[in-house]
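Open the model in a viewer and colour it by secondary structure.

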Amino acid sequence: MHNLPVRIEREEEQSLPLRWEQCGKGGWQPYLEFKECFSLYDKKQNGKIKASDLMAVMRCLGASPTPGEVQRHLHLHTIDRNAELDFSTFLNIMYRQMKQEEPEREILTALSMIDRQKRGVISVSELRAKLTRLGEKLSEEEVDDLLKEAKVGPNGTIKYEEFVRNICPPTVSN
């Protein structure tokens, strides 16, 4: 990211929609990153971005909204696609998106469906097969890299809850 000077305004600080120290990076860092990226798209330097730039800004910050999700966020805040939104509204939208994107929970749910005996473990071969054939298919090399994070038991199984905790970034908490 660019090192732009960022000033935290008092009213912005008080209107934050979540405790930023819970974002996994600590302190004000996520806020500052959000503000910096938002500022890059604030072409008129009036504290607002075009609604049509919302998806790009969100993706720059690591979120993965679909076009439909962006439309729902705009609709929820009664913002027309051709309008602009301020930083406070943007923070609320990002917070909602981050809460919605909980990859750890999604992955755990998928892996628990493989674990028919509900023992908390799955075989490496079964995990590899799922990762290379379903959803966003991973290459063999990508799977190998992920499996480096796994503690494989003597019988070729992985405790998947521990594995998922190791590969997923921390999520926003309530």
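**Whole chain**

Of the 174 residues in the chain, 34% count as buried, buried being under 20% relative accessible area, exposed over 50% and partly exposed in between, with a 1.4 Å probe and protein chains only. This is a predicted model, in which local features need pLDDT of at least 70 and side-chain atom pairs count only at pLDDT 80 or more, while totals for chains, interfaces and linings use all residues. Residues are numbered from 1 along each chain as its sequence is written, and side-chain values use heavy atoms, with hydrogens and water left out.

Show the cartoon: the secondary structure comes to nine helices and four strands. Both are DSSP runs numbered from the N terminus, helices being H or I with at least four residues and strands E with at least two. Along the sequence the pattern reads α-α-β-α-α-β-α-α-β-α-α-β-α. Among contacts (heavy atoms within 4.5 Å) with a separation of 6 or more, 58% join residues 24 or more positions apart.

**Helix 4 and helix 5**

Select residues 67–76 (helix 4) and residues 87–100 (helix 5). Their axes come within 11 Å and cross at roughly 135 degrees; axes are lines fitted to C-alpha atoms, for helices over the stretch in contact, and angles run from 0 to 180 degrees between N-to-C directions. The two helices are therefore oblique to each other, the class left over once angles under 35 degrees (roughly parallel), over 145 (roughly antiparallel) and 65 to 115 (roughly perpendicular) are taken out.

Now show side chains. Glu 69, His 73 and Leu 76 of helix 4 meet Ile 93, Arg 96, Gln 97 and Gln 100 of helix 5. These contact residues divide into two nonpolar, three polar and two charged.

**Gln 97**

Centre on Gln 97, in helix 5. Is Gln 97 buried or exposed? At 0% relative accessibility, Gln 97 counts as buried. Its side chain makes a polar contact with the side chain of His 73, at 2.6 Å; a polar contact is a pair of N or O atoms within 3.5 Å, and within protein one must be able to donate a hydrogen and the other to accept it, with residues adjacent in sequence counting only if both atoms are side-chain atoms. Leaving aside neighbours within four places in sequence, Gln 97 is in contact with Met 58, Ala 63, Ser 64, Pro 65, Glu 69 and His 73.

**Phe 34**

Finish at Phe 34, in helix 2 (residues 29–41). Phe 34 counts as buried, at 5% relative accessibility.

Terms used. Ala, Val, Leu, Ile, Met, Phe, Trp, Tyr, Cys and Pro count as nonpolar, Asp, Glu, Lys and Arg as charged, and the others, Gly among them, as polar.
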